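Welcome! Please take a moment to look it over before reading on.

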Amino acid sequence: MAELRTLYPELSANFTKMMKVDDTHTIYYEESGNPDGIPVIFLHGGPGCGTAPSCRRYFDPEAYRIILFDQRGSGKSTPHACLENNDTWHIIEDIEKIREELNIDKWLVFGGSWGSTLSLCYAIKHPERVLGLVLRGIFLGRREDILWIYEEGGASNIHPEAFERYQGIIPEEERGNLIEAYYKRLTSENKEEREQAAKEWSMWEGSLVTLHPDPNLEQSFGEINYAISMATIECHFWMNNMFWNDDNWILNNIEPIKDIPTFIAHGRYDVDCRAIGAWELSKKLNNCELEYLVCGHSSGEPEIVDALVRATDKFKGIIEK
């Protein structure tokens, strides 16, 4: 059995920038790797999670011009956790502003979890700008996908002890709609209430993302600044049905990207984003390679890292910059 690939070595950014994209939001973006290499845009999960220096390491820095950015309200972007003008379509506009500012004609689009959703939405809207798609942990953003995670009857059946804690801060009379109950608390004027809701929401999701329990990872999801942006922005998107006018928007609008080279890595035992979503997506695409892996959801799962690094190495051989 071949040894699993690991991330490329740590590397520094060539430059970082804060870009004002409207009257409210300023977003952080950066470039690393080879300024003359194949451009790739990294779309982080959440929504609301932000990027980290480790996100640069899925790509050969000699071959790729690596662009990372923190979506509205996330990471280093400001204002933190802001919901105003924070939706799928504004983020897609931000991606285009970055592309235009960097004078990039086409790029590889790389995203996992919510980042896979955003990657697909961006590609559908701007297929002429996409060299290929590298996706992990497919999340199609349908109501059924959202309810699976955050309401009783889905992931709660697999992680009942963690779900009990997540549900526990909500009075029984409000448990018929946990997303709505959490949204009320996440947007409360009471700081303690907001922080408690953010921590429990985020730690619940943190309990789902790895195949083997990782208490340290779960606790890191509860770090308050991270939890506030992740929980508040996620809940905002779920409450507004991804800002789509069609619950199955991605699969129903897939035609423009059906021939774009696409690689999908999905954990067979992904409790956060169900394996069926990756399968349904792959069946709609003509030029797609899907790998199911014996692991969970997290981008840090060794099998996921191996698959993604192999994919970006493969793409650098077939893409002419």
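Let us start with a single residue. Asp 313 has a relative accessible area of 17%, so it counts as buried, the limit being under 20%. This is a predicted model, and everything below describes that prediction. Asp 313 belongs to helix α11, which covers residues 302–318. Setting aside residues up to four places away in sequence, Asp 313 touches Arg 5, Tyr 8 and Asp 60.

Ser 202 has a relative accessible area of 0% and is buried. You will find Ser 202 in helix α6, residues 191–206. Its side chain has a polar atom 3.0 Å from the backbone oxygen of Ala 198. Beyond its neighbours within four places in sequence, Ser 202 is in contact with Phe 221, Ala 227, Met 230 and Ala 231. Ile 228 is 26 residues from Ser 202 along the chain, and the C-alpha atoms of these two residues are 8.4 Å apart.

**The two domains**

Now step back to the whole chain. The protein is divided into domain 1, made of 13–141 + 244–320, and domain 2, which spans 144–242. Taken over C-alpha atoms, the centres of domain 1 and domain 2 are separated by 23 Å.

How many residues of each domain are in contact with the other domain? In domain 1 there are 30, and they are in contact with 29 residues of domain 2. Together, domain 1 and domain 2 bury about 2500 Å² between them, with 62% of that area on carbon and sulfur atoms. Across this interface, 13 residue pairs are in polar contact. On the side of domain 1 that touches domain 2, helices α1 (88–101) and α2 (114–125) each supply at least two residues. That side of domain 1 is made up of 13 nonpolar, twelve polar and five charged residues.

Two salt bridges are counted between domain 1 and domain 2. A salt bridge also joins the side chains of Arg 274 and Glu 144, with N and O 2.9 Å apart. Arg 274 and Glu 144 are part of a network of salt bridges that also links Arg 142, Asp 145 and Glu 280.

**Salt bridges through the chain**

Side chains of opposite charge can pair when their charged atoms come close. The structure as a whole holds 26 salt bridges.

| Residue | Partner | N to O distance |
|---|---|---|
| Glu 101 | Lys 17 | 2.8 Å |
| Arg 72 | Asp 22 | 2.8 Å |
| Glu 174 | Arg 185 | 2.8 Å |
| Arg 274 | Glu 144 | 2.9 Å |

Which parts of the chain does the salt bridge of Glu 101 and Lys 17 tie together? Glu 101 lies in helix α1 and Lys 17 in strand β1 (residues 13–20), so this pair ties together parts that are 84 residues apart in sequence. Glu 101 is partly exposed, with a relative accessible area of 38%. Lys 17 is also partly exposed, at 36% relative accessibility.

Are Arg 72 and Asp 22 buried or exposed? Both of these residues are buried. In the salt bridge between Arg 72 and Asp 22, the partners come from distant parts of the chain, 50 residues apart: Arg 72 from the loop between β4 (64–69) and α1, Asp 22 from the loop between β1 and β2 (26–33).

Glu 174 and Arg 185 form another salt bridge. Glu 174 sits in the loop between α4 (160–168) and α5 (178–186), while Arg 185 is in helix α5, eleven residues away. Arg 185 is buried, with a relative accessible area of 9%.

**Backbone details**

A few places in the backbone are worth a look as well. The peptide bond from Gly 46 to Pro 47 is cis, with omega near 0°, and Pro 47 is placed in the loop between β3 (38–43) and β4. The peptide bond from Thr 78 to Pro 79 is cis too, with omega near -5°. Pro 79 lies in the loop between β4 and α1, and Ala 81 is also found in the loop between these elements. Ala 81 has a positive phi, near 60°, although it is not a glycine. Ala 81 is buried, its relative accessible area being 13%.

Ser 113 likewise has a positive phi near 60° in a residue other than glycine. Its place is the loop between β5 (107–112) and α2, and at 8% relative accessibility Ser 113 counts as buried.

Key
Residues are numbered from 1 along each chain as its sequence is written. This is a predicted model: local features need pLDDT of at least 70, side-chain atom pairs count only at pLDDT 80 or more; totals for chains, interfaces and linings use all residues. Side-chain values use heavy atoms; hydrogens and water are left out. Domain bounds come from an automatic or database domain assignment. Contact means heavy atoms within 4.5 Å. Buried area is the accessible area (1.4 Å probe) that two parts lose on being put together, summed over both. A salt bridge is a side-chain nitrogen of Lys or Arg within 4 Å of a carboxyl oxygen of Asp or Glu. A polar contact is a pair of N or O atoms within 3.5 Å; within protein, one must be able to donate a hydrogen and the other to accept it, and residues adjacent in sequence count only if both atoms are side-chain atoms. Helices (H or I, at least four residues) and strands (E, at least two) are DSSP runs, numbered from the N terminus. Ala, Val, Leu, Ile, Met, Phe, Trp, Tyr, Cys and Pro count as nonpolar, Asp, Glu, Lys and Arg as charged, and the others, Gly among them, as polar. Buried means under 20% relative accessible area, exposed over 50%, partly exposed in between (1.4 Å probe, protein chains only).
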